[in-house]
Amino acid sequence: MADDDRKELHVLAVDDNIIDRKIVEKLLISSSCKVTTAENGIRALEYLGNLGVHSESQTPALHQDDAIPTAAGDLKVNLIITDYCKPEMTGYELLKKIKESSILKDIPVIVMSSENIPTRIHKCLEEGAQMFMLKPLKHSDVTRLRCQLMQCRS
């Protein structure tokens, strides 16, 4: 299974905009990634909690209807890619929660935004984001992040 883990990355893609979410999902799938999507940061944390990352008292589990069926052993998330501007919880707030978690902190987080605001980019990178990418994402962006992630895992 270790060889398979090296080839297929499991990415949790978080974006409130369904079109952007589908574009990111398609790009990642075309780059041989397994993709799970969430429409906001709370759902992303619920998914991560559903994987046993948080205790049940901290994070409610996903409803069975909302859970994305996966085979046992394919659940480990190798990368989280999140939009910055989302209702309920910004990408920055999600990043902070992930980096504050002793269990999640080592999962690389990429923040993306359609707005090129240097202070926002700096704040995310300072908080521990692996990368900040401008939307719309292109295939070359996904190739670059995949290469970087593979180097991190080696």
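**Group meeting: a parallel sheet and its packing**

Five strands first: 5 strands form an open sheet in the order 2-1-3-4-5, and the pairing is parallel. The edge strands are strand 2 (34–38) and strand 5 (131–134), each pairing on one side only. On average, neighbouring strands of this sheet are turned by 20° against each other, direction ignored.

Ground rules next. This is a predicted model, where local features need pLDDT of at least 70 and side-chain atom pairs count only at pLDDT 80 or more, while totals for chains, interfaces and linings use all residues. Residues are numbered from 1 along each chain as its sequence is written, and side-chain values use heavy atoms, with hydrogens and water left out.

Now the terms. Helices (H or I, at least four residues) and strands (E, at least two) are DSSP runs, numbered from the N terminus. Two strands pair if DSSP finds at least two bridges between them. Axes are lines fitted to C-alpha atoms, for helices over the stretch in contact, and angles run from 0 to 180 degrees between N-to-C directions.

Take strand 3. Strand 1 (residues 10–14) and strand 3 (residues 79–83) pair in the parallel sense over 4 bridges. In that pairing, L12 stands opposite I80, and V11 has L79 as its bridge partner. On to strand 4: 4 bridges join it to strand 3, and the two run parallel. There, the bridge partner of D83 is M112.

How buried is strand 3? 5 of its 5 residues are buried (under 20% relative accessible area; exposed is over 50%, partly exposed in between; 1.4 Å probe, protein chains only). So strand 3 is largely enclosed by the rest of the structure. L79, I81 and D83 point one way, I80 and T82 the other way.

Helix 2 (residues 18–30) lies across strand 1, strand 2, strand 3 and strand 4 (109–113). Helix 2 runs at about 170° to strand 2.

Next, D83. D83 sits in strand 3. UniProt, in an unreviewed entry, places the feature "modified residue: 4-aspartylphosphate" at D83. UniProt positions are given in the numbering used here, feature names are shortened, and annotations may be inferred rather than shown by experiment. D83 is buried, with a relative accessible area of 6%. What does D83 touch, not counting residues up to four places away in sequence? V14, D15, D16, G91, M112, S113 and K135 (contact means heavy atoms within 4.5 Å).

S113 is one of those contacts. S113 lies in strand 4 and is buried, with a relative accessible area of 2%. Not counting residues up to four places away in sequence, S113 touches D83, Y84, R120, F132, M133, L134 and K135.

Then P136, in the loop between strand 5 and helix 6 (139–153). P136 is exposed, with a relative accessible area of 61%. The C-alpha atoms of P136 and S113 are separated by 8.1 Å, though the two are 23 residues apart along the chain.

Now the cores. A nonpolar core is a set of buried Ala, Val, Leu, Ile, Met, Phe, Trp, Tyr and Cys residues joined through side-chain atoms within 4.5 Å. The largest has 23 residues, and L12, I80, V111 and C124 touch the most other members. Strand 1, helix 3 (41–50), helix 4 (91–100), strand 4 and helix 5 (118–127) each supply at least two residues of this core. Apart from it lies another core, of 18 residues, among them L9, V11, L79 and M133. Leaving aside its neighbours within four places in sequence, I80 is in contact with L12, V14, L48, I98, I107, P108, V109 and I110.

In helix 4 the buried residues are G91, Y92, L94, L95 and I98. They cover an arc of only 160° around the axis, which puts them on the same side of helix 4. The arc is that of the directions from the helix axis to the C-beta atoms.

In helix 5, R120, I121 and C124 are buried. Its buried residues fall within an arc of 100°, so they line one face of the helix. They pack against helix 4, strand 4 and strand 5. The face turned away from the buried side of helix 5 carries the exposed residues P118, T119 and E126. After helix 5 comes G128, whose phi is positive, near 120°.
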